[in-house]
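Visitor: I've just opened this one and I'm new to it. Please show it to me and start anywhere you like.

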Amino acid sequence: CVLQYLPSTAVNTTLQLQELRERMRPLNISAYIIPGTDAHLSEYIAPRDARLAFMTGFTGSAGTAVVTQTKAALWTDSRYWVQAKRQMDCNWELEKDVSVSSVAEWLITEVPPGGQIGFDPFLFSLKTQEDYDVNLESSNRSLKSIPANLVDQVWKDRPPIPPDTLTQRSWQMKVEHIRNEMRDNPYQPTALLLSALDETAWLFNLRGNDIPYNPFFYSYTLLTMDKIWLFLHTDRVSEELKVYLNASCEGPLCVQLKGYDTVLDNLKTYVAQPGVKVWIGTEYTNYALYELITPQDKLMTSSYSPVLTTKAVKDETEQRILRDAHVRDAVAVIQLLMWLEKAVPEGKETELTASEHALDNKTQLPSDGCSADIISCLLFPVFLCCSPTNETSRRLTVEEMYLIDSGGQYLDGTTDITRTVHWGTPTAMQKEAFTRVLMGNIEISRTIFPSGTRGVNMEMLGRRALWEVGLNYGHGTGHGVGNYFGVHEWPVGFQGNNIPFRAGMFTSIEPGYYKENDFGIRIEDIAVIVPIQTKYGHNFLTFDTVSLVPYDRKLIDTSLLSSEQLQWLNKYYETIRKLVGPELDKQGLHEEKDWMLRNTDPFMTSGSSASVSFLFLNWTFV
């Protein structure tokens, strides 16, 4: 391994690999698996849970690493191949298949027969553990559960848990609602175990700051018909919060505060009682908790807990304030785009942080930061999507297409929006690809469907215009979004394991297209599912788009759009004027309102490109 020939962005991992291998030897394991998640199987994780990044140098949001005594490998998807090559040193090899079967095949090659493969059961979902077992069962290699994480043992400067106390907002009605769902369930569970961080946060109307971009705190909850156990870091709990949770009493609406690390012992004690049955959602329960619930007649499973399925449907107040958050977010994005348009003719080198533009301008209600890493995409020197840093930022030109995926955590709602722009003259291919992506977005947005339809059954509408000319994209078409919660809120969306759509759910709609070594496009809007009157049928739904920022007109070839698509687009632009215009007036942003009006001019005719002379400068973050 010759480190001096690596990019300056690569991280030297020699020392941590050496120390990890030393700890593997006495445990008699031939390999150790390092997932990129936490004990709650979260999508976004706290810095102290970024074990994959510490061991590999790779900071992408998806990946799995495996270390043996002689080799180390990382598996991640195509979004991150370029990033991984730039961040990993020569101790690591990159594998380009993210499936468990691919990892298992590599393990069978590298681990001798009879060898054991170590893993932290807190970081494995039930399905992940099962998939490894299935792929390894005939190979004479086996998994070995090691609850004391080995990476933590070598991570000497592992970040601590933030010291702040938890924040509060009312919860008793939610507890009773979930208990009613437990009573109504024919399998008669006596307890519900909540493992996903957003489950506990939603149930108690609490927010924290343990996880970047998501207002969650480390916690588990065990809820029975007459008891509530909340497992958290009790040294951070204020007296005010104890009063809020009725923590000093013993009744059915009194929360018993337990230490975060005592969840295993308390669960084991509860399960040992006769006649109990614990309900878990398998998608977000880690294997360490699952394996304690024995025998099987004491276990009840569903893909998602009743908390997640209940939380997915927003009530009228939640819908209203989440819509309001998107109006304010639109103002911030419009200010950014207009600022870029002014800066580009001067060729300015832009150095701004997310808070300097995307967040400082979010007014009326306080913002609590970004809802995710800002994703900035451009040709670099191949098409690269990343969260820009000093190492990846560069001066931008007027000859490239640019994609910006951003969002904010308002105290009344979470936003997520992606716009793709070109600040010069797009090629015919770029314009056609953008228009076909837009057509996919519109086709889903204008679809009318029966209540209870699954998103996976209409997902192809987002791809059809691309498929017609042999194009496609390799990511999902949409995900749920929360009210000051996760920017990717399961179980809503267009994938096969998402729940059926119902009125009141919010989802993103985000088709795209990415041409390798050239450019990338994504158009992402958030929409709420609403009832619609049809001529004959009842109980039908459609999407109402709540993201309110116009698309880049110079990239739209209206000759490709149907009359129905043009009609939808013009109506959407009328909505932007109606909702965002008054907010711009209220804030005294007259120049920004003029910009918005110019960019929402109706498309009058089909068969010609809708072009406006806009120039854009890339937004780079340092």
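Guide: Let's start at Q188, which is found in the loop between α7 (172-184) and β8 (191-194). Helices (H or I, at least four residues) and strands (E, at least two) are DSSP runs, numbered from the N terminus. This is a predicted model, where local features need pLDDT of at least 70 and side-chain atom pairs count only at pLDDT 80 or more, while totals for chains, interfaces and linings use all residues. Residues are numbered from 1 along each chain as its sequence is written, and side-chain values use heavy atoms, with hydrogens and water left out.

Visitor: OK, and what's the phi of Q188?

Guide: About 55°, a positive value, although Q188 is not a glycine. Most residues other than glycine have a negative phi. N246 also has a positive phi, about 50°, and is not a glycine. N246 sits in the loop between α9 and β12 (255-259).

Visitor: How accessible is Q188? And N246?

Guide: Q188 has a relative accessible area of 49% and is partly exposed. N246, at 26%, counts as partly exposed too. The cut-offs: buried is under 20% relative accessible area, exposed is over 50%, and partly exposed is in between, with a 1.4 Å probe and protein chains only.

Visitor: While we're on the backbone, where are the cis peptide bonds?

Guide: One joins T294 and P295, with omega at about -5°. P295 is in the loop between α11 (287-290) and β14 (299-302). Another joins W490 and P491, with omega at about 15°, and P491 belongs to strand β24 (residues 489-493).

Visitor: New topic. In what order do the strands of the six-stranded sheet run?

Guide: The order is β4-β3-β2-β1-β5-β6, an open sheet with mixed pairing. Two strands pair if DSSP finds at least two bridges between them. β4 and β6 (142-145) stand at the edges with a single partner strand each, so one side of each has no neighbour in the sheet. Neighbouring strands here are turned by 25° against each other on average, direction ignored.

Visitor: How many bridges join β1 to β2?

Guide: Five, and β1 and β2 run antiparallel. P35, for instance, has T64 in β2 as its bridge partner.

Visitor: Which strands does α4 touch when it packs on that sheet?

Guide: α4 touches β1, β2, β3, β4 and β5, and its direction makes about 5° with that of β2. Contact means heavy atoms within 4.5 Å. For the angles, axes are lines fitted to C-alpha atoms, for helices over the stretch in contact, and angles run from 0 to 180 degrees between N-to-C directions.

Visitor: Which residues of α4 are buried?

Guide: In helix α4 (residues 100-110), they are V100, S102, V103, A104, W106 and L107. Their cover includes β1 (31-35), β2 (64-68), β3 (72-75), β4 (93-95), β5 (116-119) and α5 (126-136).

Visitor: And how do α13 and α18 cross?

Guide: The axes of α13 (residues 316-343) and α18 (residues 590-599) come within 10 Å and cross at roughly 90°. That makes α13 roughly perpendicular to α18; the scheme is under 35 degrees for roughly parallel, over 145 for roughly antiparallel, 65 to 115 for roughly perpendicular, and oblique for the rest. I334, Q335, L337, M338, E341 and K342 of α13 meet E591, E592, W595, M596 and R598 of α18.

Visitor: Is D210 buried or exposed? What about R236?

Guide: D210 is buried, at 2% relative accessible area, and R236 is buried at 7%.

Visitor: What about E468 and R436?

Guide: E468 and R436 form a salt bridge too, with their closest N and O atoms 3.5 Å apart. E468 counts as exposed at 58% relative accessibility, whereas R436 counts as buried at 9%.

Visitor: Which residues are linked in a network of salt bridges?

Guide: D49, R51, D152 and R158 are linked that way.

Methods. Salt bridge = Lys/Arg side-chain N within 4 Å of Asp/Glu carboxyl O.
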